Amino acid sequence: MLQLGIHCVIIDLIVSLCKDISSERKRKWPAEVGPICDREEWVAKGRPNPIGTISASMCPEYHPVQILKVLNDFFQNPGMQDRLERSITRRPRQISVDYDNLGTPHDSLTSMELFNGRRVFGGGVRNDSHPYGGIAISYVNSWDGSEWAHSSLEYEHDYYKAWDCENDFVHPKNGTIGFYTEEYVNRCEWDRRTFGRIPHNMLMYSDIDFRDDNHPYFWDRDNTIRGFTKNEKKKFVHKFLEELCENYKVDDPGVSPFNRVTWYEVSEFIKFYYDSWQGIEHPEGDEEGWVAEDITTEPLSSYRYTSNMYDIPGVWNMDEGGEWSKNFERIMKLGTNHRDDWFNSIWKKKYEIYCQRVFEEDDIEIYRTLEYSEESDEDISVQSTEPERIVNGTINETTNGITNATEKSTKDKVKDLMELLFEKKDDMTEGIYLELCNGLKGIHESI
């Protein structure tokens, strides 16, 4: 479930992204040039000279909820879902270590079951295995005779790699999510030094479509920017992925450093946050948990004309010098001052309610287990070579199976519909888009 450490790191990163305004947005440009949002636009407009700089007190910030939307769109893209679902799929693995006492075949467990022991339980999860994590953690010391790898990031990466799941978990040496795109592999063939050393290089996700928002130049009256260029979106995603790996640490007493969250879980946390803030920004507000926990007397709302979020201590009205990023951080960090506070935190409880609601209303178990089936993947006919690890600027390669349909199956047709829906999302309301996404996603998983 949602843990204190990963929750705080995600919120800290989003708040930092709010302040990371491009230098082009901080400058004043000639009237005939118009506003410029990023370096690419500056180059496209002929590299004009600025006529001034916006003062620090007047400089806007990116809106945190819109950054959540960018991250959610990225993770919910059908191309990303294929990568993310690796960690909840029981699939054949190429294990590079042998254990005499393993007991359970390694290809009958998901990456999450192997390392954090999480299994489905009525829409939520429970930990059915080792108190320090999954079954693979019990064998850490038997691999090379070392003690727990608290001080060795290289050891952590190599141990995940030994179980064929180094790209499923968020850890300091993680370089990508799931697998690499063919374009990235081909680029690295001739420019390994440049591309091989950058974790989460956006070329790794070249199959994900980023588009300019309709009004990237618009500043809201609360001095926030709610529309972005495609390059700003790529910057958000790259920095979030890279810095989450750098900053997320497992430091709970008695918990193994290998018992950490998967990228799949991160995607669900982002979806949960965005879902919650869609409710908060609605005129009727978000009713899950706020009144029950005696935080507000009515559903929490930030809607301009019915807002009650300023009733929360530490949340300041924009007319009184409040900033959206600080207000967002204050609300998102309720119940996080101390580890003991987290057990009764509004966000921990809201996530449990959210999991149950999705299960009851949409018949989707967030912490589900998918089964790898050769029968359903009969059309696998192409083997794609992907870089597994970068060492001193060179790539060690391994072969991993990638589906290539010679004749489209029902599952592929549903996936095509999901991709078409993503392309047309700007032509429909947010609610209809999410409802259709969840419906098609459920059908895709049931086939």
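Q: Where does aspartate 294 sit, and is it buried or exposed?
A: Aspartate 294 is in the loop between α11 and α12. Helices here are DSSP runs (H or I, at least four residues), strands are E runs of at least two, and both are numbered from the N terminus. Buried means under 20% relative accessible area, exposed means over 50%, and partly exposed is in between (1.4 Å probe, protein chains only). Aspartate 294 comes in at 65%, so it counts as exposed. One more thing about its backbone: aspartate 294 has a positive phi of about 60°, even though it isn't a glycine.

Q: What are these values computed from?
A: This is a predicted model, where local features need pLDDT of at least 70 and side-chain atom pairs count only at pLDDT 80 or more, while totals for chains, interfaces and linings use all residues. Residues are numbered from 1 along each chain as its sequence is written, and side-chain values use heavy atoms, with hydrogens and water left out.

Q: What makes phenylalanine 115 and tyrosine 159 an aromatic pair, and of which kind?
A: Rings of Phe, Tyr and Trp (its six-membered ring) pair if their centres lie within 6.5 Å; planes under 30 degrees apart are stacked, over 60 edge-to-face, and the rest tilted. The structure has 23 such pairs. For phenylalanine 115 and tyrosine 159, the centres are 5.9 Å apart and the planes are at 85°, which gives edge-to-face. Phenylalanine 115 belongs to helix α5 (residues 111-115) and tyrosine 159 to helix α7 (residues 153-162), so the pair ties together parts 44 residues apart in sequence.

Q: Why is the pair of tryptophan 277 and phenylalanine 328 called what it is called?
A: The ring centres are 5.3 Å apart and the planes meet at 40°, so the pair is tilted. Tryptophan 277 is in helix α11 (residues 263-280) and phenylalanine 328 in helix α12 (residues 324-332), so parts 51 residues apart in sequence are tied together. Tryptophan 277 is buried at 0%, and phenylalanine 328 is buried at 0% too.

Q: Which residues form one aromatic cluster?
A: Phe269, Phe272, Tyr273, Trp290, Trp347, Tyr351 and Tyr354.

Q: How do you know what the relative direction of α1 and α12 is?
A: Two packed helices are described by the angle between their axes and the distance between the axes. Axes are lines fitted to C-alpha atoms, for helices over the stretch in contact, and angles run from 0 to 180 degrees between N-to-C directions. Here the axes of α1 (residues 4-19) and α12 come within 10 Å and cross at roughly 175°. Under 35 degrees is roughly parallel, over 145 roughly antiparallel, 65 to 115 roughly perpendicular, and the rest oblique. α1 and α12 are therefore roughly antiparallel.

Q: Which residues make that contact, and how do they divide?
A: Contact means heavy atoms within 4.5 Å. On α1 you have His7, Ile11, Asp12, Ile14, Val15, Cys18 and Lys19; on α12, Ser325, Phe328, Glu329 and Met332. That's six nonpolar, two polar and three charged, with Ala, Val, Leu, Ile, Met, Phe, Trp, Tyr, Cys and Pro as nonpolar, Asp, Glu, Lys and Arg as charged, and the others, Gly among them, as polar.

Q: What does histidine 7 touch, and is it buried or exposed?
A: Histidine 7 counts as buried at 0%. Skipping neighbours within four places in sequence, histidine 7 is in contact with Leu2, Tyr273, Met332, Thr336, Trp342 and Trp347.
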